[in-house]
Every structure is written in C-alpha cells, then in structure tokens.
Amino acid sequence: MNASSNTEKPFDPRTALAAISTTEATTRKALGPNVTVLYLVWAATYLLGYGLLHATTHGWITLSYPVALLIGATILLGAIIFSAALGIRSGTQIRGDSRFAGMAYGFSWMGGFATVAVFSIAFANLLPDAPQATVGWIINSVAILVVSLMYMAGAAIFQDRPMFVLGACFTVLNVVGLLAGPNLFMAFFALGGPALFIAAALLMRNTSAKEAK
Amino acid sequence: MAELDPLIHADARLRLMSALNTLGTKDAIAFPKLREILGMTAGNLSTHLRKLEDAGYITQEKVIEGRTPATYLGITPLGTAAFDTYKKQLLELL
C-alpha cells in the first residue's frame with residue numbers, strides 16, 4: 001500500500017477501506033464481551049428458571065416450591081457469575097472512560113438485583129398468608145422492571161440500539177405478565193424471555209458477521 | 001485532491017490507526033492486547049507506534065500495574081482528525 005511499492009501493485013482504495021472495516025470489527029470484538037453468548041446463556045436461564053417455577057406451581061413436576069425456588073436462584077446466580085466474569089475479562093488491558101462505564105454498569109446490575117433480593121424477602125414477610133404465585137408475580141415484575149431499565153440505560157451508555165430494543169421488549173413483556181396475572185406470568189417470562197434473548201443474539205451475530213465482511 | 005497521508009498509508013499503520021480510532025480518544029489499550037488484535041510482532045508494532053507518536057497521532061503512556069510495567073496506547077484528537085481525512089480521501093477515490 002505504501003507509495004514506494006506502487007510500481008508492483010496499484011493502490012486500491014477498496015482494499016484499504018476493507019482493511020479498515022475488518023480491523024474495526026476485530027477491535028470491537030476484542031474490546032467487549034461476546035454478547036451473543038451472553039444472551040444465549042440468559043435465554044437458557046430464563047427458560048430453566050421460570051420454566052421450573054411454572055411447572056412446579058402447576059404440579060407438572062413433583063418438586064416443592066421452595067426447592068424449585070432454590071434451584072432457580074442457583075441457576076440465576078450461575079448466570080450472573082458467568083456474565084460478570086465475561087464483562088471483567090473483556091475490560092482488562094483497557095483504561096479510560098469505557099472501562100469506567102462498563103464497571104459502573106456492572107455494579108448497577110448488582111445493586112439492582114441486590115435490591116430486588118431484599119425487596120423479595122421484605123414483600124414475602126409483609127404478606128405471609130398471600131398465595132405464593134401472587135407474591136412471585138409481584139416480585140418478578142419488579143425484577144423484570146430492573147432488567148428492562150438496565151438494558152435501556154445500557155443502550156444509552158454504550159450507544160447500542162439493539163440493547164434498547166431488548167429493554168423496550170422486556171418492558172412490554174413485563175406489562176403482559178402483569179396483565180396475565182399470577183397464574184400465567186411465569187409462562188410468559190419462561191417463553192418470552194428466551195425468545196427475546198435468542199432474537200437479540202441472532203441480531204448481534206448477524207451484525208458482527210456483516211461488520212467483519 | 002491532497003496526497004494521502006503517508007504516515008497512515010502503510011498497511012500496518014492503517015490497521016493500527018483503525019484499531020485505536022475504534023477505541024476512541026477517551027480510552028487507551030495495553031500493548032499486548034493491541035498486538036493480539038493486529039496480529040503483529042512486538043518489534044514491528046513498536047516501530048510503527050513510534051512513527052505515529054512522533055507525528056502526534058497517538059500517545060504512549062507507561063504505567064506500573066501492581067509491580068509490572070505496562071504501556072497503554074491511545075489515539076489523539078489530531079490522530080482522529082488525520083484518520084477521518086484519510087478515510088474521506090479513500091471514499092473520494094472510489
């Protein structure tokens with residue numbers, strides 16, 4: 001590409017622009033976590049977690065509700081640890097504003113979910129005689145509210161339009177879950193959540209593939 | 001049309017500037033990670049970085065992380081402007 005080597009090979013601006021695009025795509029991939037994998041992990045988490053709770057509530061499987069809740073919480077914790085590890089690993093060897101933004105965003109997720117966990121206990125204690133499904137319905141609507149707001153806030157921070165759409169879709173799903181009532185909301189979350197995450201994962205994979213071309 | 005910037009025009013430096021421009025002026029990347037992204041040898045990368053630093057297109061900051069010295073590289077506003085101009089010129093050539 002150097003002017004001095006032009007006698008051997010004529011300079012092609014298309015080749016140079018392609019080299020720029022490829023490097024930009026490689027750099028973006030190296031700087032952030034693998035969002036496709038992240039979304040697929042969360043799709044599986046929603047399907048298993050909410051699916052298990054729904055199946056237990058409706059007597060489809062012989063498991064007590066507290067045990068199902070414990071298994072669901074373990075699955076959730078596993079997904080949180082995996083996401084945090086992926087985020088931390090992608091931020092290593094980077095200094096500056098984006099690292100701070102990523103760290104602040106990660107801590108915001110943790111703060112949000114810690115609050116939801118405390119709210120869950122407080123709310124369950126407040127209404128000890130209320131049906132488990134009703135308590136779960138309200139607690140999970142608050143959890144999904146945090147999820148949808150965090151995705152929309154993340155979209156604003158990282159200028160990520162698909163992330164905003166994901167957050168907006170979770171808001172709609174949450175409203176649908178609230179309207180559906182205590183008996184059906186988990187089915188909506190168990191099916192709607194994974195559907196949204198898989199759609200987002202496919203969108204991210206296609207976008208990355210286009211950028212790399 | 002003005003001549004293409006010879007500092008960016010070399011393939012290795014073009015890719016280097018593309019990577020740092022993607023990172024933006026508010027962030028810096030460690031030397032090993034940049035080398036991994038570009039798939040260049042340490043010696044080759046250092047040579048090109050020095051040329052770009054001399055032109056004021058990039059900055060090299062040496063820091064101590066724990067007990068290990070590390071070099072962080074970032075693009076300057078001058079470098080971003082030069083890279084943008086280079087890209088515009090390429091598009092005009094099409």
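How many helices and how many strands are there in chain A? And which strands make up the open sheet, in what order?

Modeller: This is a predicted model, in which local features need pLDDT of at least 70 and side-chain atom pairs count only at pLDDT 80 or more, while totals for chains, interfaces and linings use all residues. Residues are numbered from 1 along each chain as its sequence is written, and chains are lettered from A and ligands numbered from 1 in the order in which they are written.

Chain A has seven helices and one strand. Helices (H or I, at least four residues) and strands (E, at least two) are DSSP runs, numbered from the N terminus. Read from the N terminus, the order in chain A is α-α-α-β-α-α-α-α.

The strand of chain A, β1 (residues 94-96), is joined to β1(B) by three bridges, and the two run antiparallel. Arg95(A) has Ala28(B) as its bridge partner there. Two strands pair if DSSP finds at least two bridges between them. On the chain B side, two bridges link β1(B) to β3 (residues 68-75), again antiparallel, and Ala30(B) stands opposite Tyr72(B) of β3(B).

Put together, the open sheet has four strands in the order β1(A)-β1(B)-β3(B)-β2(B), with antiparallel pairing. β1 of chain A and β2 (58-65) of chain B are at the edges with a single partner strand each, so one side of each has no neighbour in the sheet. Neighbouring strands are turned by 30° against each other on average, direction ignored. Across β1 and β3 of chain B lies α3(B), at about 80° to β1(B). For such angles, axes are lines fitted to C-alpha atoms, for helices over the stretch in contact, and angles run from 0 to 180 degrees between N-to-C directions.

The sheet spans both chains, and the contact between them takes 23 residues from chain B and 22 residues from chain A. Residues are in contact if their C-beta atoms, placed from the backbone, lie within 7 Å. Elements of chain B that each supply at least two residues to its side include β1 (27-30) and α3 (31-38). The largest share, seven residues, comes from α2(B). That side of chain B divides into 14 nonpolar, three polar and six charged residues. Ala, Val, Leu, Ile, Met, Phe, Trp, Tyr, Cys and Pro count as nonpolar, Asp, Glu, Lys and Arg as charged, and the others, Gly among them, as polar.

How values were computed:
Two residues are in contact if their C-beta atoms, placed from the backbone, lie within 7 Å.
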